[in-house]
2 protein chains.
Amino acid sequence: MTNPLAPVLDHIDTQRDAFLGRLIDYLRHPSISAENIGINEVGTLLVEMLTGIGLDAQLAPSEGHPMVIGRWEKAPGKPTVLLYGHYDVQPADPLDKWVSPPFEPTIRDGRLYARGVGDNKGQHFAQILALESHLKVNGTLPCNVILLLEGEEEIGSPHIAAFARKNRHLLEADLSITADGPRHASGAPTIKFGSRGVISFELRCRHASRDVHSGNFGGVVPNPIWTLVHLLGTMKNAEGEITIDGFNDGIEPPAAEELAAVERLPLDLEAFKQGLGLSRLDAPADRPFYERLCFRPTLTINGFHGGYGGPGSKTVLPNEAFVKCDIRLVEAQDPVDILNKVRAHVGKHAPEVELIAEENGMQPSKTPIASPYTAPLRRAFVAAQGREPLLMPAGFGSLPNYVFTKILGIPAFVTPYANHDEANHAPNENMTLDCFHEGVRTGAAVLHELGALAERD
Amino acid sequence: MTNPLAPVLDHIDTQRDAFLGRLIDYLRHPSISAENIGINEVGTLLVEMLTGIGLDAQLAPSEGHPMVIGRWEKAPGKPTVLLYGHYDVQPADPLDKWVSPPFEPTIRDGRLYARGVGDNKGQHFAQILALESHLKVNGTLPCNVILLLEGEEEIGSPHIAAFARKNRHLLEADLSITADGPRHASGAPTIKFGSRGVISFELRCRHASRDVHSGNFGGVVPNPIWTLVHLLGTMKNAEGEITIDGFNDGIEPPAAEELAAVERLPLDLEAFKQGLGLSRLDAPADRPFYERLCFRPTLTINGFHGGYGGPGSKTVLPNEAFVKCDIRLVEAQDPVDILNKVRAHVGKHAPEVELIAEENGMQPSKTPIASPYTAPLRRAFVAAQGREPLLMPAGFGSLPNYVFTKILGIPAFVTPYANHDEANHAPNENMTLDCFHEGVRTGAAVLHELGALAERD
């Protein structure tokens with residue numbers, strides 16, 4: 001029996017330039033969720049696109065921007081894979097830092113530059129082209145597919161959890177696969193088995209009703225910057241340990257297979273430091289690099305602002321200041337629980353400080369590396385890219401994969417197609433032409449291997 | 001023998017409206033040292049004004065803006081008083097907060113509003129009118145006078161010390177008097193015997209060469225805001241104690257007469273807190289109010305800026321941040337010594353942090369309350385304002401009086417004429433019409449009492 005994947009991959013290779021042209025067309029449509037620009041237009045465009053290749057597609061309303069859902073379930077006895085992506089993109093600011101305009105896709109030096117090319121249009125469009133190629137060449141798909149594209153990932157996926165709880169019947173699948181984020185920095189193909197959660201909050205402090213003179217009032221009027229500095233000092237010490245009461249209680253230590261997996265990841269620490277102009281890593285200095293990124297929570301100060309910031313000096317004692325923070329959570333910390341602990345900690349150490357939290361924290365998620373779907377995914381990468389993928393226990397950023405693992409109860413995998421230097425969320429976002437092409441091939445191979453799984457078992 | 005002061009005070013009362021009109025004319029001339037606006041024009045105007053009333057006046061060059069010096073030394077055997085003031089003013093920003101334009105003096109509710117009216121034009125102009133009134137009524141002054149008006153007080157008086165060292169022959173006097181700053185908050189007339197010094201510096205930290213994503217890099221890339229937070233935490237603790245190594249070594253404890261003086265000062269703590277909307281005072285809470293302001297140094301964070309400050313949240317790990325600070329020094333701390341200690345402390349605790357210091361720190365200064373000039377000054381206030389002045393061991397802000405006490409070796413007194421709510425350095429700077437008028441009277445009475453001193457002794 002001939003391998004039905006081979007002609008599909010041949011087709012994809014033949015169509016390489018045509019697919020690139022269609023991606024460029026797609027990228028010309030802005031869909032900025034934070035600014036509510038182009039969301040409905042692109043959602044509608046996708047429904048037409050999916051219908052056109054033979055999927056049963058719809059715009060499904062949520063409490064926020066609608067979900068695009070496309071389904072093909074004509075392979076009884078085969079697994080059903082939920083392919084997740086997002087059709088919204090980050091705002092394009094700062095515009096003056098773009099070499100070519102963000103919504104005029106431009107090829108330079110083997111890369112396609114455009115807002116959203118890596119995050120996430122180039123990646124889910126590769127999935128769509130993989131589906132199309134199978135259907136075109138073989139008239140069928142190797143397994144059942146539910147394609148779920150949300151329109152609010154870049155604003156923190158605030159409604160996907162409620163959508164999934166309410167619409168379980170639309171999302172019944174055996175596993176989920178997300179093609180998002182970058183490959184490993186070494187350039188090797190990568191499978192990620194989890195993602196850190198995240199919660200953002202702001203600490204605000206105001207003492208006097210107005211700024212005062214530091215000479216006339218210094219010593220008697222309290223300073224909100226000092227209040228925040230001392231509060232922050234109780235939340236994380238200089239050794240890098242988070243010291244919020246009870247913060248570390250819920251952390252599930254990494255499994256032996258996960259520790260073994262991170263030990264196998266390539267690491268060039270000097271190149272990493274050089275690439276970012278760093279003279280040292282963050283404390284604690286002796287903790288292994290990947291262990292920090294996969295298995296440790298963080299408390300990052302995103303911004304601290306208060307008082308005078310102009311040239312020279314100004315002898316002012318400011319009356320208000322604020323700090324913006326995010327916490328990256330690891331399995332099995334819960335954002336609501338952690339936020340309650342932060343709130344209790346602030347209430348105990350600096351009750352004058354106001355805590356303003358975003359509602360839409362994101363839970364961490366993790367899927368065992370020993371999952372039965374790991375082997376077919378690895379085979380798919382070898383078939384499509386000729387290389388074994390690296391296995392990363394967790395991606396370092398946050399994705400709403402807890403919706404799949406914790407709400408739908410299915411294993412969730414991340415198979416990033418973008419290059420590691422995709423500059424997502426930044427000017428000059430890009431995807432290499434090779435990465436995009438390999439993405440389409442990999443998407444096709446994944447479908448094939450999932451379809452072949454039942455036969456192998 | 002009739003009191004020669006009485007007709008001078010009568011003259012001043014008669015001229016009340018005319019003097020106010022001339023002050024308004026003077027205030028129309030901007031002289032903003034920080035922006036080098038109008039400095040030479042106003043300096044020249046003052047030389048003409050002083051010459052016109054009978055002083056020997058000149059613009060004396062310094063390394064910066066010129067000094068205005070006016071002298072009258074035709075009273076052999078009488079003391080020579082050096083009257084210090086400054087003809088430069090603060091910038092007028094933010095302009096939109098002014099009810100009437102800063103350089104269009106406007107009277108509302110018994111107050112004159114204009115940039116520089118309290119700080120310091122209305123105060124040294126009152127001195128000039130006091131000189132004029134004596135000369136006009138009696139054809140002579142009761143004592144010898146050197147009037148010294150500098151043009152750089154609002155940028156930290158960076159050149160007056162060098163000027164004084166180089167031009168001792170121009171400044172030979174028995175005492176100095178500065179009419180600057182506000183009266184006591186109770187509204188009572190006030191004599192101040194010293195001022196805190198000040199030194200400003202900035203702490204800058206930069207780790208990575210660019211901002212990075214808090215998810216993809218949080219845990220391995222160091223955060224400059226955290227570095228600064230932890231460094232600041234080693235410089236002052238939550239109890240309000242400055243913990244820079246050796247910082248408190250040079251502090252001269254207050255004398256018994258100084259402690260007794262601050263105990264006599266009126267204090268309405270509740271009104272103070274209410275006026276500023278404060279629910280508490282700065283730590284340590286149990287230290288007496290005036291003791292903090294007169295005898296304790298401070299470490300004030302003037303501003304802290306780094307990372308994201310816009311609406312909502314942004315999961316960024318910023319690459320640079322800075323903190324601006326000032327330290328108020330008390331007798332006998334030295335700004336150069338303290339700055340060296342700060343530098344050593346930063347070098348020990350956070351060698352990655354860059355310290356940028358301003359050259360022109362200001363030394364603290366203090367004159368004993370038991371000075372022989374205290375009694376005539378008190379008599380002058382009683383004669384001019386009908387009230388005993390409060391005696392404050394130190395003003396809380398900083399003035400370059402160390403030039404008089406430490407370089408010229410003469411006692412230095414501060415006799416503020418402005419109301420306590422003059423809003424100096426702020427929009428809607430003002431001086432009450434009564435304060436200005438009482439200032440002219442007090443200036444005249446001070447000259448008289450100093451002249452009478454020799455006769456009494």
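N36(B) counts as partly exposed in this predicted model, because 14 C-beta neighbours sit inside 10 Å. That count falls between the two cut-offs: a residue is called buried with 20 or more other C-beta atoms within 10 Å, and exposed with 12 or fewer. To find N36(B) in the structure, follow chain B to the loop between α2 (16–27) and α3 (39–53). Once you're there, take a look at the backbone: phi of N36(B) is near 50 degrees, which is a positive value in a residue other than glycine.

Now hop over to chain A, where N428(A) has a positive phi too, about 60 degrees, although it is not a glycine. Where does N428(A) lie? Look in the loop of chain A between β18 (412–414) and β19 (430–432). Is N428(A) buried, exposed or partly exposed? N428(A) is partly exposed, since 18 other C-beta atoms lie within 10 Å.

Back in chain B, let's turn to peptide bonds. D93(B) and P94(B) are joined by a cis peptide bond, and omega there is about -10 degrees.

As for P284(B), its place is the loop between two helices of chain B, α9 (269–276) and α10 (289–295).

Definitions and conventions. Residues numbered from 1 in each chain as written. Chains lettered and ligands numbered in written order. Predicted model: local features only at pLDDT ≥ 70, side-chain atom pairs only at ≥ 80, totals over all residues. Helix = DSSP H or I, 4+ residues; strand = E, 2+ residues; numbered from the N terminus.
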